Amino acid sequence: MPERLLIVSNRLPITVRLEEGSVRLINASGGVATGLRGCHERSNGAWLGWPGDLSRLTLPQRRDLDRRFAEQRIVPVELSPGEVRRYYEGFSNGVLWPLLHYLLDRIPVGQSDWETYQQVNAKFADAIVRAYEPGSLIWIHDYQLMLVPDLVRRQLPEARIGFFLHIPFPSPDVFRILPWREHILRGMLGADLIGFHTFSYQRHFADALLHLLGLESSVDRARLEGREVRLGVFPMGVDVESFERLGSDPGVQIDVEAIRREAGDRKILLGVDRLDYTKGILRRLLALERLLDMEPSLRDRIRFIQISVPSRTKIDVYQGFRREVDENVGRINGAYGTIGSVPIHYLYRSVSNRRLVALYRAADVMVVTPVRDGMNLVAKEFVASRTDGDGVLVLSELAGAAAELGEALLVNPYDVNGMAEALRRALTMEPIERTTRMMNLRGRVRAQDIHRWAARFLEVLGECQPAVPARAERPSPPARIDDLADALRRASRLVLVLDYAGTMIPTPSAPGLLAPDHDLLTLLDRLAARPRTQVHLVSSRRFELLDRWFDGLPISLWAEHGLWHRAAGQTRWERTEDVSTEWVARIRPMLEQYTRSTPGSLIEERSASIGWHHRMADPEYGSMQARDLRQALGQALGNMPVEILEDDKSIELRPHGVNRARVIERILASTPKPVTMAAFGNDRTDEETFEALPEKSFAIHIGSGASIAPYRLADHLAARAFLHALVEEGEPA
Ligand code: ADQ
């Protein structure tokens with residue numbers, strides 16, 4: 001691993017303990033911690049994260065800890081108790097966690113810790129920027145830090161940043177509920193590579209980009225502001241070797257036998273989870289109850305061991321959930337227990353890795369039934385531990401792991417009867433079927449272990465090009481824009497040709513929705529008052545609209561791509577071409593039909609042209625309908641004198657002979673020479689303008705799309721700022 005790697009996770013992979021007055025660092029044993037520890041040790045980088053509460057440490061203890069952190073290249077990001085409460089418990093675990101797991105009714109009403117989430121994400125980003133050296137790879141983990149990629153990108157434009165989401169990315173219909181959805185998406189898009197456990201999460205994310213940001217992406221990459229963001233599926237695995245080693249360890253074997261002896265001739269079913277409402281523990285218990293109810297022969301013949309690690313115990317929802325689990329365990333044991341035994345052995349605690357593997361080995365059936373789970377490593381740990389090739393895995397189809405572990409008995413965790421039936425099947429499965437299934441499962445789990453997961457993510461991240469926008473899509477550098485400003489200032493006669501929508505104002509959601517604001521009217525007025533300067537505003541809108549909007553301004557107006565013209569200082573509009581409009585009536589019914597079948601789309605009719613817009617329609621359906629319509633129009637128009645103009649949100653039909661090149665010809669014909677022309681535009685029809693400009697003119701493209709213009713400004717605000725400067729700085733001395 002050549003690169004220096006900065007790993008960033010909410011929690012550090014260690015726990016700080018005080019024992020007899022001295023500080024101890026204990027390695028955490030969770031999946032991410034084990035998986036990345038090797039990368040961290042080999043890479044000479046740093047691991048950044050929250051170290052937990054350090055407020056009890058004395059000054060000497062703190063110094064000792066800092067020294068050890070430095071030795072292990074750990075960078076603590078310290079959080080105040082209020083930050084932990086609002087960023088971690090409040091927003092991350094109170095809002096994002098249930099939302100991304102589709103459990104909307106677990107989100108507290110009216111509470112929002114969004115501000116603190118932003119602040120703490122900024123704190124992490126600043127710590128990364130301080131630890132960064134050119135060439136470092138940055139790998140940010142999980143839903144607590146979704147804004148960090150973009151916050152780092154702003155400070156380190158050329159850094160290579162990876163982000164991995166450990167939990168599901170839900171369907172955009174669910175994700176859209178979040179009031180800060182755009183911020184979160186943009187936060188993640190700061191990365192060069194965004195990784196998910198499954199293809200379905202990746203697809204949901206790409207759908208969210210389209211539906212919530214209007215950003216189109218191909219299967220595995222999105223483009224924005226000239227950057228490319230790769231999306232990828234990296235199913236996380238477990239440390240197979242260590243589970244296999246423990247699985248075959250003679251000491252562990254002694255524990256296994258003890259657990260079995262204790263169960264007598266009962267079959268053992270096992271559940272192991274953090275005590276979290278996503279893990280499906282309640283319905284799992286109900287399925288067991290249903291099984292005991294429908295199969296009296298199984299009563300006192302099975303033992304269900306459920307180990308639940310205390311988790312997020314300060315959050316109300318988790319406290320309530322714990323009570324519910326306790327009550328159900330009590331109720332079922334009360335109903336089906338005997339003097340000598342109860343069906344559910346419930347332990348509310350964490351167990352050591354050795355003990356965990358002993359349980360995995362002792363189990364006849366492993367029951368993993370989350371109602372949603374990003375991946376679920378318990379299922380894979382169970383399989384990795386079973387070097388004996390036996391044991392049945394019952395697995396929820398809503399866990400990411402189900403995408404890989406098809407030989408498990410897959411269940412719908414909401415279907416209690418179905419789960420009871422699957423448990424019965426697992427308990428009575430023939431040995432040959434059990435071992436065949438387990439053999440295949442083992443092959444899969446071994447092929448995708450945790451080290452390979454980390455290595456693959458880093459390999460793809462390493463291949464990402466440093467995030468420099470492609471040349472053609474980058475705004476012109478300041479020096480070139482300064483040259484342009486100089487040239488325009490020196491012009492003895494300057495003609496400015498300004499497109500309206502998308503160039504002087506943002507692109508409106510439907511044509512004609514955005515009237516000019518005060519700043520724009522003032523700007524145009526001042527430009528027109530500039531000595532030896534003409535201002536032409538060109539639009540595809542109807543002249544009546546332009547007339548109302550720009551009433552009294554001494555600028556020249558061109559409506560409907562130049563079919564109508566009002567000269568500066570005049571009030572009368574003139575039609576510049578004599579074109580036929582007879583075809584419009586023939587085409588209109590077809591557009592009306594598509595409008596009826598495409599909610600949100602609309603027809604814009606002008607004096608000699610007609611257009612169909614779908615910016616407000618569902619983006620996918622709108623594009624699909626537009627493709628169909630485009631084809632149908634091609635056939636219907638035959639050889640009529642009509643041109644079809646298409647952009648990503650509209651189809652416009654325009655009579656031959658009307659176009660923006662003609663506007664330039666007309667302006668030139670009526671302007672004494674020499675003249676310097678500068679045209680500003682953002683879309684395909686503006687390319688007609690650019691192509692028609694005489695030599696020594698200037699074409700300025702607004703935005704990031706393709707264009708022949710040699711100059712670029714980022715958006716309408718940059719265009720206005722440029723023109724404001726032109727008025728303010730006047731002419732060169
Ligand atoms: P978690 O929700 O924590 O992780 P999971 O993947 O099952 O869920 O990992 C839990 C870990 O805790 C396992 O390594 C397991 O051995 C351990 N564990 C569980 N119960 C235990 C107990 N009683 N005692 C000791 N250890 C116990 C999140 C996502 C998952 C995703 C992982 C990794 O929610 O979907 O798989 O991150 O990306």
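**Note on the predicted model**

1. Helix 9 (residues 240–247) is mostly covered, with six of its eight residues buried; buried means under 20% relative accessible area, exposed over 50% and partly exposed in between, with a 1.4 Å probe and protein chains only. The buried residues are Val240, Ser242, Phe243, Glu244, Leu246 and Gly247. Their cover includes helix 10 (250–263), helix 13 (353–362), helix 14 (377–385) and helix 16 (431–447).

2. This is a predicted model, in which local features need pLDDT of at least 70, side-chain atom pairs count only at pLDDT 80 or more, and totals for chains, interfaces and linings use all residues. Residues are numbered from 1 along each chain as its sequence is written, and side-chain values use heavy atoms, with hydrogens and water left out.

3. The protein has 25 helices and 29 strands; these are DSSP runs numbered from the N terminus, helices being H or I of at least four residues and strands E of at least two. Of its 733 residues, 55% count as buried. The C-alpha atoms fill a box of roughly 105 × 65 × 45 Å along the principal axes. Among contacts (heavy atoms within 4.5 Å) between residues at least 6 apart in sequence, 71% join residues at least 24 apart.

4. The axes of helix 11 (residues 281–294) and helix 15 (residues 416–427) come within 8 Å and cross at roughly 65°. Axes are lines fitted to C-alpha atoms, for helices over the stretch in contact, and angles run from 0 to 180 degrees between N-to-C directions. The two helices are therefore roughly perpendicular to each other, a class that covers 65 to 115 degrees, with under 35 roughly parallel, over 145 roughly antiparallel and the rest oblique. Residues making the contact include Leu286 and Leu291 of helix 11 and Met419 and Leu423 of helix 15.

5. Arg606 lies in the loop between strand 23 (602–605) and strand 24 (610–613). At 4% relative accessibility, Arg606 counts as buried. Its side chain makes a polar contact of 2.7 Å with that of Glu604; the term means a pair of N or O atoms within 3.5 Å, where within protein one must be able to donate a hydrogen and the other to accept it, and residues adjacent in sequence count only if both atoms are side-chain atoms. Leaving out residues up to four places away in sequence, Arg606 touches Ser540, Arg541, Arg542, Glu560, His561, Gly611, His613 and Glu652.

6. Arg203, in helix 8 (residues 199–213), is partly exposed, with a relative accessible area of 41%. The C-alpha atoms of Arg203 and His561 are separated by 40 Å, and the two residues are 358 residues apart along the chain.
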